[in-house]
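Morning, everyone. Please bring up the model on your screens. I'll be quick.

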Amino acid sequence: MASDLEAKAKEAFVEDHFELAVELLSQAIDIEPTRAELYADRAQANIKLSNFTEAVVDANKAIELNPSLSKAYMRKGMACMKLEEYQTAKAALEVGASLAPGESRYAKLIKECDKLIAEESYDTPIQKTTTQEESANEVQPENVLPEQPPVAVKPNEVVVTVFAKGIPRENVTIDFGEQILSVSINVPGEDPYVFQPRLFGKIIPSRCRYEVLSTKIEIRLVKADPIHWTSLEFTRATVPQMVVAPSATGINRPTYPSSKPTRVDWDKLEAQVKKEEKEEKLDGDAALNKFFREIYQDADEDTRRAMRKSFVESNGTVLSTNWKEVGSKKVEGSPPDGMELKKWEY
């Protein structure tokens, strides 16, 4: 059964139906969860879908199940390059190259990694350090395994806590990348808990560590750069802020970009504007125009069609809301008493 799903997934991949390929491979994995090739193939499909974090997790699982599977290292390297984790990508590609010496793509990708690593090192500005940084409050959630574990931010590290009682260490798999944290916990009798964010900033994988305690799993991420993490996960809107040591000569004044921008409640502002428009008191033509606008805004489509047709055809002298009356004939102009309707020639 799993082999049939695998064959269908390969057909879907060839036809560029990558989402279907991921779905079919996931079904095959449910049947044969220890086949490394299935995870490696799903990693490739996830790369095509730009699901790079998921691709790294799949590749890591394939490597765990079969450390000699060269294509798993290839997929991990490619996904990590897309995530700008060039050191991790290079390390994976070098292992893959040793397992498949005849594959020329490894040398090409490793060379590209070296170039990107050099550019990244050249562009890295001089960092300033700090002696203190406000820590985020660590709050224990109600659920045993929350989707977003509590986080404590310290000057040089970030502590992630997953509250889980009595989990054996062999049931916990944690992998560190340059900007990826992958947590997988097999809970007896329940679906596996998986948490795999792309981190706010880069870390030093070799110095990161974790402890499995009786009531929780504590993960310590060592920052690669002394920047202030405003959240655990990376988003396109985040702007890393350098942590500057406090001045010894006086009080620091907030400067851009450390100054907090004023937050605007757009829903509240919109409601306020609508309320002011409704309560606005107008006179003469302005009041009349407002009245007609309100009628048009709340009217059904036939009423709106009648208003548009009558107004245009009568040169602005008639405004009807009865489509049955004006829909089948041309609306003639009807000027006010004492006035004469004239057609202008250009």
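Predicted model: local features only at pLDDT ≥ 70, side-chain atom pairs only at ≥ 80, totals over all residues.

Residues are numbered from 1 along each chain as its sequence is written, and side-chain values use heavy atoms, with hydrogens and water left out.

Confidence. pLDDT is the predictor's confidence in each residue, from 0 to 100. The protein averages 75, and 70% of the residues score at least 70. Over residues 123–144 the pLDDT is below 50.

Now the second largest pocket. A pocket is an open set of points on a 1 Å grid over the protein atoms alone, where a 1.4 Å probe fits, with protein on both sides within 12 Å along at least five of seven lines; lining residues have an atom within 4 Å of a point. The second largest pocket is lined by 28 residues. Tyr39, Val57, Lys61, Ser184 and Val194 lie nearest its centre. Which element gives the most to that lining? H4, with 7 residues. Helices are DSSP runs (H or I, at least four residues), and strands are too (E, at least two), numbered from the N terminus.

Where does this pocket lie? Domain 1 (2–120) and domain 2 (151–222) both line it, so it lies between them. Those bounds come from an automatic or database domain assignment.

Last, Ser182, in strand S4. Ser182 has 9% relative accessibility, so it counts as buried (under 20% relative accessible area, 1.4 Å probe, protein chains only). Beyond four places in sequence, its contacts (heavy atoms within 4.5 Å) include Val57 and Phe195.

Technical notes:
Buried < 20%, exposed > 50% of the residue type's maximum accessible area, 1.4 Å probe, protein only.
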